[in-house]
Amino acid sequence: MSLELVASRRRRITARTRWIRRAGVLAVVALVCLPFVAAAKPRHDQTPARSSAAAAGAVYGGVTPQEFGVMVEVNRSGRRIARMATGLALDCATGPGIAIPDGWAGLRVSKSGKFSQSFGPETQRGTDGTSVEIEGSVDGKFSKSRSSVSGTWTFKVSFLDAAGAVTDTCDSGTVRWRARQ
């Protein structure tokens with residue numbers, strides 16, 4: 001990628017989310033050994049740098065079947081997820097698998113306790129004509145007593161050559177998760 005494109009991208013990405021997405025995408029690129037670097041602008045992870053104690057609600061925690069911690073923080077009213085984060089293990093069609101961080105923020109929780117959000121596919125083009133497509137989703141539901149929350153999380157990265165043919169795909173699959181207060 002050209003330096004101008006990288007500088008432009010950095011101005012558009014918030015300070016908090018920049019390191020999460022850059023680390024994840026660079027890990028994908030480094031481990032798959034592609035000839036370009038693609039940093040995707042996250043639309044789903046607008047996690048604030050810090051939360052004030054006055055705005056804090058409940059925090060839920062757990063461990064995914066992939067052995068990554070999962071954290072869900074809801075606002076005081078319980079109607080919005082302030083932020084949630086976990087790590088995901090992606091299996092690649094060619095080459096070794098990778099592990100990346102992922103997070104979501106600002107998800108609306110319905111009266112029945114359900115929430116869901118998705119993004120992508122977002123395409124980032126390299127200067128050599130190759131590109132990367134990134135997509136993901138999360139959904140969940142709080143228990144009636146609001147003492148736990150569970151759901152699914154997905155993340156997928158596809159690498160395309162200059163002709164548009166997929167050269168590799170790294171996918172977390174559907175990761176079921178559960179967190180308790």
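Predicted model: local features only at pLDDT ≥ 70, side-chain atom pairs only at ≥ 80, totals over all residues.
View 1. Helices (H or I, at least four residues) and strands (E, at least two) are DSSP runs, numbered from the N terminus. Read from that end, the order is α-α-β-β-β-β-β-β-β-β-β-β. Residues are numbered from 1 along each chain as its sequence is written. Of the 181 residues, 40% are buried, where buried means under 20% relative accessible area, exposed over 50%, and partly exposed in between (1.4 Å probe, protein chains only). The chain exposes about 9200 Å², and carbon and sulfur atoms supply 53% of this area. Accessible areas come from the Shrake-Rupley method with a 1.4 Å probe; for residues, only the protein chains shown count as cover.

**View 2. Confidence in the model is given for the chain and for residues 1–43.** The predictor's confidence in each residue, from 0 to 100, is called pLDDT. Its mean over the protein chain is 78, and 69% of the residues reach 70 or more. Over residues 1–43 the pLDDT is below 50, and this stretch has 74 contacts in the model beyond near neighbours in sequence. A contact means heavy atoms within 4.5 Å. Local features need pLDDT of at least 70, whereas totals for chains use all residues. Among contacts in the protein chain between residues at least 6 apart in sequence, 54% join residues at least 24 apart.

**View 3. Strand β8 covers residues 148–160 and is mostly covered.** Ten of its 13 residues are buried. In a regular strand the side chains alternate between the two faces of the sheet.

**View 4. Strands β7 and β8 form a hairpin.** Two strands pair if DSSP finds at least two bridges between them. Twelve bridges join β7 (residues 131–142) to β8, and the two run antiparallel. D139 has T152 of β8 as its bridge partner. Five residues lie between the strands, and R146 in the turn has a positive phi of about 60°.

**View 5. Strands β8 and β9 form a hairpin with five residues between them.** The pairing of β8 with β9 (residues 166–171) is antiparallel and spans five bridges. F159 has D168 in β9 as its bridge partner. Within this hairpin, G164 takes a positive phi near 95°.

**View 6. Strand β8 is also joined to strand β10.** Six bridges link β8 to β10 (residues 175–180), and these strands run antiparallel. G151 stands opposite W177 in β10.

Terms used. Heavy atoms only, no water.
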